[in-house]
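I opened the notebook to work through one structure, site by site. The entries below follow the order in which I looked things up.

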Amino acid sequence: MSKSEANLKEAFAGESQANRKYLAFARQADKEGLKQVAKLFRATAEAETVHALTHLQALKAVGATAENLKAAIAGETFEFTKMYPAMIEEAEAEGEKQALRSFRYANEVEKIHAKLYGKALANPAGLKETEYYICPVCGYTCEDHAPDKCPVCQAAGKMFYSVG
Ligand code: FE2
Ligand code: FE2
Ligand code: FE2
């Protein structure tokens, strides 16, 4: 790997994290009634996304959709078969309850993501038209409509939001 390729990967990770962190900071600023600061965080978060995406393009990490679905399935599968199980074990050993809950939720939901991607990969052009609903607590993702209760974290279905 060339030095620039390694640097692009590192910069992509950093910019991606900055994007999510600034969005979390914006929510906090909103809670404090600091609307303009929230807006600044959201604007900067968008700019970090621009940086993340130009780094990703330079890495040539975006292929055709069938290839991208395969990459997505591989990533999700790694997470729920290797990454999160090891992290869950360590959080249990350390008694880190909040980390444990966060890892467990993500671990369960990545399985569902891999399934949804698998379905898409089987027939990308014929994938059923539907809305997707997301649990704001654990990230559980489903088609058609929100459940009464989240099957992963038991949050009320009325908290779900849709991505259409
Ligand atoms: Fe940036
Ligand atoms: Fe996922
Ligand atoms: Fe949930």
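How are the donor residues of the iron ion (ligand 1) spaced in sequence? I read the pattern as E-x32-E-x2-H. I keep in mind that this is a predicted model.

**Entry: iron ion (ligand 1)**

I listed the protein donors next. They are Glu15 (OE), Glu15 (OE), Glu48 (OE) and His51 (ND1). These atoms lie 2.0 to 2.6 Å from the iron ion (ligand 1). I then checked the angles among the four donor atoms and got 54 to 135 degrees. The site of the iron ion (ligand 1) is irregular.

Glutamate 48 and histidine 51 both sit in helix 2, which covers residues 35-58. They are three residues apart, about one turn of the helix.

Is glutamate 48 buried or exposed? I found 12% relative accessibility, so glutamate 48 counts as buried. The cut-off for buried is under 20%. Histidine 51 has a relative accessible area of 36%, so I noted it as partly exposed.

**Entry: iron ion (ligand 3)**

I moved on to the iron ion (ligand 3). Its protein donors are Cys135 (SG), Cys138 (SG), Cys150 (SG) and Cys153 (SG). I noted distances of 2.2 to 2.3 Å from the ion. The angles among the four donor atoms run from 101 to 118 degrees, and the site is tetrahedral. For reference I wrote down that the ideal angle for four tetrahedral donors is 109.5 degrees. Along the chain, the donors of the iron ion (ligand 3) follow C-x2-C-x11-C-x2-C.

Which loops hold cysteine 135 and cysteine 153? I found cysteine 135 in the loop between strand 1 (132-134) and strand 2 (141-143). Cysteine 153 is in the loop between strand 2 and strand 3 (161-163). The pair is 18 residues apart and links distant parts of the chain.

I looked up burial for both. Cysteine 135 has a relative accessible area of 2%, so it is buried. Cysteine 153 is buried as well, with a value of 13%.

**Entry: helix 3 and helix 4**

I turned to the helix pair. Helix 3 spans residues 65-94 and helix 4 spans residues 97-122. Their axes come within 8 Å and cross at roughly 160 degrees. Angles over 145 degrees count as roughly antiparallel, and helix 3 and helix 4 are therefore roughly antiparallel to each other. I noted a left-handed crossing where helix 3 passes helix 4. I also sorted the contact of helix 3 with helix 4 by class: 18 nonpolar, four polar and seven charged residues.

**Entry: backbone checks**

I searched for positive phi outside glycine. Lysine 60 has a positive phi of about 55 degrees. I located lysine 60 in the loop between helix 2 and helix 3. Lysine 60 counts as exposed, because its relative accessibility is 72%.

Glutamine 154 also came up, with a positive phi near 70 degrees. I placed glutamine 154 in the loop between strand 2 and strand 3. Its relative accessible area is 46%, so glutamine 154 is partly exposed.

**Entry: overall picture**

I counted four helices and three strands. From the N terminus on, the elements run α-α-α-α-β-β-β. The C-alpha trace spans about 45 × 45 × 40 Å along its principal axes. Of the 164 residues in the protein, 26% are buried.

Methods: Residues are numbered from 1 along each chain as its sequence is written. Chains are lettered from A and ligands numbered from 1 in the order in which they are written. This is a predicted model: local features need pLDDT of at least 70, side-chain atom pairs count only at pLDDT 80 or more; totals for chains, interfaces and linings use all residues. Side-chain values use heavy atoms; hydrogens and water are left out. Donors are N, O and S atoms within 2.8 Å of the metal (3.2 Å for Na, K and Ca); water is not among the atoms, so sites may look incomplete. Four donors count as tetrahedral if all angles lie between 85 and 135 degrees; four count as square planar and six as octahedral if opposite donors are over 155 degrees apart and all others between 65 and 115; anything else is irregular. Helices (H or I, at least four residues) and strands (E, at least two) are DSSP runs, numbered from the N terminus. Buried means under 20% relative accessible area, exposed over 50%, partly exposed in between (1.4 Å probe, protein chains only). Axes are lines fitted to C-alpha atoms, for helices over the stretch in contact, and angles run from 0 to 180 degrees between N-to-C directions. Angles under 35 degrees count as roughly parallel, over 145 as roughly antiparallel, 65 to 115 as roughly perpendicular and the rest as oblique. A crossing is left-handed if the near helix is turned anticlockwise from the far one by less than a right angle, and right-handed if clockwise. Ala, Val, Leu, Ile, Met, Phe, Trp, Tyr, Cys and Pro count as nonpolar, Asp, Glu, Lys and Arg as charged, and the others, Gly among them, as polar.
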